[in-house]
Amino acid sequence: MDFAGVNGGGSVDASSAEKDFVQCEKIVREWARSALEEEIEGDGHTLQDLLFFLHVPRTGGRTYFHCLVKKVYGAALECPRSYDKLRFDPRKPKCRLVATHDDYSIMSMLPREKTSVMTVLRHPVDRVFSAYEFSVEVASRFLVHPNLTSATELTKRIRAKHKGVSTLDIWPWKYLVPWMREDLFARRDARKMKGLSYVNSNDSYNVEEMAMPLHQFINEPVVLDTVHNGATFQVAGLTNNSYLAEAHDVRHCVQKFTILGEHVLQVAQKRLDNMLFVGLTEKHRESAKMFVNVVGPQVISQIASDSSMEGLSKIKSVTEQNSLLSDSELDSNYHQDGTSDQKTTENVSTENLEGIKKNMTVEKIMEEYKACISPLRNSQSVRRTNSLREISPANFSKEARLLVPDTVLQQIRSLNSLDLRLFKYAEGGAQERVQRFPRHQTLASHCISHMFCLFYTPVCKC
């Protein structure tokens with residue numbers, strides 16, 4: 001390998017670069033070896049006591065979680081304050097579902113042998129577009145304030161009084177949004193200095209006077225550290241939000257010497273293989289149906305295996321919470337996105353069992369999923385339009401993306417080479433993973449519709 005160009009050429013620089021590479025290779029190899037050894041061999045597709053939804057940002061995971069996963073589990077089984085840093089005790093019997101933007105290293109805080117993992121992946125180019133758009137959108141909400149100081153003070157007050165979890169507390173937005181907010185205010189101040197009241201442009205991703213252009217965004221250090229190859233680093237447990245002490249050194253080495261990314265990719269692929277479920281944003285409806293068919297009956301069987309009245313009351317609570325959940329609760333505060341502790345009642349009577357049976361069919365859950373995503377997406381669209389009003393004509397859309405030069409798209413692909421390969425791996429292995437599921441798990445439509453059988457038979461033999 002030629003190291004001469006790392007520091008501008010010359011034998012001294014080449015020697016230094018070679019030493020750096022040797023040291024980095026040792027660090028990355030040792031981490032990869034340890035990570036692969038920690039992977040538990042066995043049937044990763046059998047649901048364990050706790051399900052960890054590893055939420056890769058901008059994959060539609062929030063919609064997927066609220067409109068599907070919680071429809072299957074119900075609010076009663078969700079771990080409180082999931083999207084915040086771990087503030088729950090996963091050993092509590094009622095806590096069976098946790099969803100966070102934390103990376104895979106959070107498994108060190110969970111009972112590994114009793115935890116299943118799922119995730120959703122998205123094509124890296126679209127995910128980078130979405131990360132840029134969301135960073136600008138959330139940051140632009142503060143432009144209604146006269147200055148940056150005022151906006152910053154508002155943020156402090158909101159975070160102090162609100163019981164939920166702010167977007168500004170969640171990785172990677174806790175890094176990206178304040179940084180983008182500062183940039184937006186600086187550009188607004190510059191417009192005032194120039195006397196510009198309005199800027200006309202046909203390219204929403206390159207309105208430099210209003211917001212940071214996309215081609216600049218993708219090369220910024222904070223973006224290089226949190227967005228590019230973010231899915232691979234998150235599945236590998238190597239983000240700058242990692243619980244692993246060595247994560248920074250490994251990530252730094254891979255970013256400096258891209259060839260070492262092969263080791264990280266190998267770990268990430270192995271973990272995908274061992275996950276309970278891997279969905280694809282581009283095939284969200286197909287993925288949703290597969291989740292219900294594969295995971296749904298296991299959730300119900302798991303709950304039904306508890307022969308106590310408490311177990312049956314949880315099933316009732318699941319059903320009742322599904323029907324009572326309001327989509328408006330998901331975006332109740334202009335500056336807030338997250339979860340809050342929820343109180344549930346756990347009473348049950350035999351007269352409710354027939355209603356439970358009807359509500360827990362695959363068809364019923366899919367109907368609820370479709371009914372949930374439409375108003376949620378509409379509200380998100382309205383919210384985006386209102387947020388971007390202060391920086392018009394930066395009106396992001398699929399049509400506007402088509403105007404982005406190929407050179408920028410190619411650079412995004414180059415900066416996300418690991419994510420591209422991980423996405424293709426997940427995409428290509430989807431059918432293979434489905435075929436590995438036990439037969440009783442693929443008969444969900446039949447088994448879920450026979451709830452009485454599941455009450456007495458943990459493994460579905462309907």
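A residue counts as buried at under 20% relative accessible area, exposed at over 50%, and partly exposed in between (1.4 Å probe, protein chains only). Keep that in hand for the cysteines on this tour.

What you have open is a predicted model, in which local features need pLDDT of at least 70, side-chain atom pairs count only at pLDDT 80 or more, and totals for chains, interfaces and linings use all residues. Numbering starts from 1 along each chain as its sequence is written, and side-chain values use heavy atoms, with hydrogens and water left out.

**Stop one: C253 and C24.** Select C253, which is buried at a relative accessible area of 3%. C24 is buried too, at 7%. The two form a disulfide with sulfur atoms 2.2 Å apart; the term covers a pair of cysteine sulfur atoms within 2.5 Å. C24 sits in helix α1 (residues 11-38) and C253 in helix α9 (residues 247-256), so the pair ties together parts 229 residues apart in sequence. Helices here are DSSP runs of H or I with at least four residues, strands are runs of E with at least two, and both are numbered from the N terminus. The torsion about this S-S bond is about -75°, so the disulfide is left-handed.

**Stop two: C67 and C372.** Next, pick the disulfide of C67 and C372, whose sulfur atoms are 2.0 Å apart. With -65° about the S-S bond, this link is left-handed. C67 belongs to helix α2 (residues 61-73) and C372 to helix α15 (residues 362-387), 305 residues apart. C67 is buried at 0%, and C372 is buried at 2%.
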